[in-house]
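Student: I've got a chain open in my viewer and I'd like to talk it through. Can you take my questions one at a time?

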Amino acid sequence: MLTRLNNLRWLLFLALATGLVALHVAVAGGNFPLDDSWIHQSYGRNFGTRGEWSLIPGQPSAASTAPLYTVMLAAGYTVGIPFRLWTHGMGALALWGIAVCGAHLADRAAPELRYVGLITGLFLVMEWHLIWAAAAGMETALFALWTLVLPLLIWREHDDTRNRDTVPTLVRGGVFGAVSALAILTRPEGIVLAGLCGLAWLFAVGRGMASPLRLKYALLWVGGAAVGFAIFIAPYLWLNLSLTGGLLPNTSAAKQMQFAPRQVLSLPYRLWQMTVPPFVGGQVLLIPGMVWFVVIAVRRNLKPIAFVPLVWAFALIVLYAVRLPFWEQHGRYVIPAVPGVMLAGVVGSLWLLESARRSLFGRVFTRVAVMGAGAVTAVMALVMSPGIY
């Protein structure tokens, strides 16, 4: 019965993700909203049809900060699928994956709350920034997906205490390392996310194990992670070194130069400007729930990985406020902070709803906040966001 319900909600998330992306694309006549979307297409087309890493055919260059996304676009050109269908289809699948992973994490954080996974997934799949990103033909939605996949891998690592012998431990570490590399190949700042997840794992590793066993298990897992990471990241580092002489693409330094004049602005101002865009929408009504999530998670002594999506969200905002204060285009560089904010906000709001039942004011306040957040999220997704896109 539980498996059947899970399958039904996965189908619901898929239908919503596909329908909402299709709505946005239809309103825009099938086009993409930014020049970066077309730059990705140029790299993908040249790699898929000519086998060269270039923006302009015949001129190899390293101007793509999302090589994994470029390779995925190239696959569509290689097999001959219309590029718009392929690109928007990948975006819809990334949005569906965000909802699925968010639901899994919510179920683990609050297993006592009925329908917490379903409600969290619905909020995520209808969040307008994420829909915009999924339809935009850029790597943003894919990277937002990794921000939930990596914490989910660590949480499952903690939950699975069976078969901790040599081979499974190495393999699980290798999988985490490989996925970490894929996240970094989607956006370079993925290294911060991988580091936070790794630290959370180290803090929680070996509960209930004797010290020698804990050390052996940790060394095997970290060793597997290092090997998996190295295998997947090495080709891209070699490519950059051969084309530019550095480990990062050309555009990394160019973008920092472009927005260098904003560094004279005060840090609090830059932090505010970078924080506002991800909170435009129903999530602003979930802020009390986000705070309550932290309170309850601390009280219940939840695994450190439970805090990572929210910590990551604010770490990303701070990183861009300090290094690349670009808040235009709906704060597209910090859109990958939205899943962590929504996850904590929804789960915390449902916890707050349970805690406030004894008080009339508490019941009214929490219900209005949750219902209001849901209504605003739906209106943004169905009415306002297509026009914005």
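What follows is a chat about this chain, going from the whole fold down to single residues.

Tutor: Ground rules before you start: this is a predicted model, where local features need pLDDT of at least 70, side-chain atom pairs count only at pLDDT 80 or more, and totals for chains, interfaces and linings use all residues. Residues are numbered from 1 along each chain as its sequence is written, and side-chain values use heavy atoms, with hydrogens and water left out.

Student: What percentage of the residues in the chain is buried?

Tutor: Buried is under 20% relative accessible area, exposed is over 50%, and partly exposed is in between, using a 1.4 Å probe and protein chains only. The chain has 389 residues, and the buried share of them is 52%.

Student: Of the contacts between residues at least 6 apart in sequence, what share joins residues at least 24 apart?

Tutor: A contact here means heavy atoms within 4.5 Å. Among the contacts at least 6 apart, the share joining residues at least 24 apart is 78%.

Student: How much of the accessible surface belongs to carbon and sulfur atoms?

Tutor: Areas come from the Shrake-Rupley method with a 1.4 Å probe, and for residues only the protein chains shown count as cover. The chain's total is about 17,300 Å², and the carbon and sulfur part of it is 70%.

Student: Which helix gives the most to the nonpolar patch?

Tutor: Patch residues have over 30% relative accessible area and no salt bridge; like charges are joined within 9 Å, and nonpolar side chains (Val, Leu, Ile, Met, Phe, Trp, Tyr) within 5 Å. L23, V27, V379, L382, V383, M384 and I388 make up this one, with about 590 Å² of accessible area together. α1 (2-27) and α17 (360-388) each supply at least two of the residues. With five residues, the top contributor is α17.

Student: Is L23 buried or partly exposed?

Tutor: L23 sits in helix α1. Its relative accessible area is 31%, so L23 is partly exposed.

Student: How far does helix α2 reach from its first C-alpha to its last?

Tutor: The expected span is 1.5 Å times one less than the number of residues. Helix α2 covers residues 35-50, which is 16 residues, and the expected value is 22 Å. Its buried residues include D36, H40, Y43 and N46. The reach of α2 is close to expectation, at 22 Å.

Student: What about α3: how far apart are its end C-alpha atoms?

Tutor: Helix α3 runs over residues 67-79, and its 13 residues should span 18 Å. Buried positions in α3 include P67, Y69, L73 and Y77.

Student: Which residue just after α3 takes a positive phi?

Tutor: After α2 there's G51, with a positive phi near 70°. Just after α3, a positive phi of about 85° belongs to G80.

Student: How many disulfides does the structure hold?

Tutor: A disulfide would be a pair of cysteine sulfur atoms within 2.5 Å. C101 is buried at 11% relative accessible area, and C197 is buried at 0%. The disulfide count is zero.

Student: Why does the D107 and R9 pair tie together parts that are 98 residues apart in sequence?

Tutor: A salt bridge puts a side-chain nitrogen of Lys or Arg within 4 Å of a carboxyl oxygen of Asp or Glu, and the structure holds six. D107 and R9 form one, their closest N and O atoms being 2.5 Å apart. D107 is partly exposed at 27%, while R9 is buried at 10%. The pair ties those parts together because D107 lies in helix α4 (residues 83-109) and R9 in helix α1.

Student: Which residues do shared partners join into one salt-bridge network?

Tutor: E189 bridges to R187, with the closest N and O atoms 3.1 Å apart. Both E189 and R187 are buried. Through shared partners, the network joins E139, R187 and E189.

Student: Which residues is T140 in contact with, neighbours within four places aside?

Tutor: T140 is in helix α7 (residues 140-159). At 6% relative accessibility, T140 counts as buried. Leaving aside those neighbours, its contacts are A133, R332, I335 and P336.

Notes
Helices (H or I, at least four residues) and strands (E, at least two) are DSSP runs, numbered from the N terminus.
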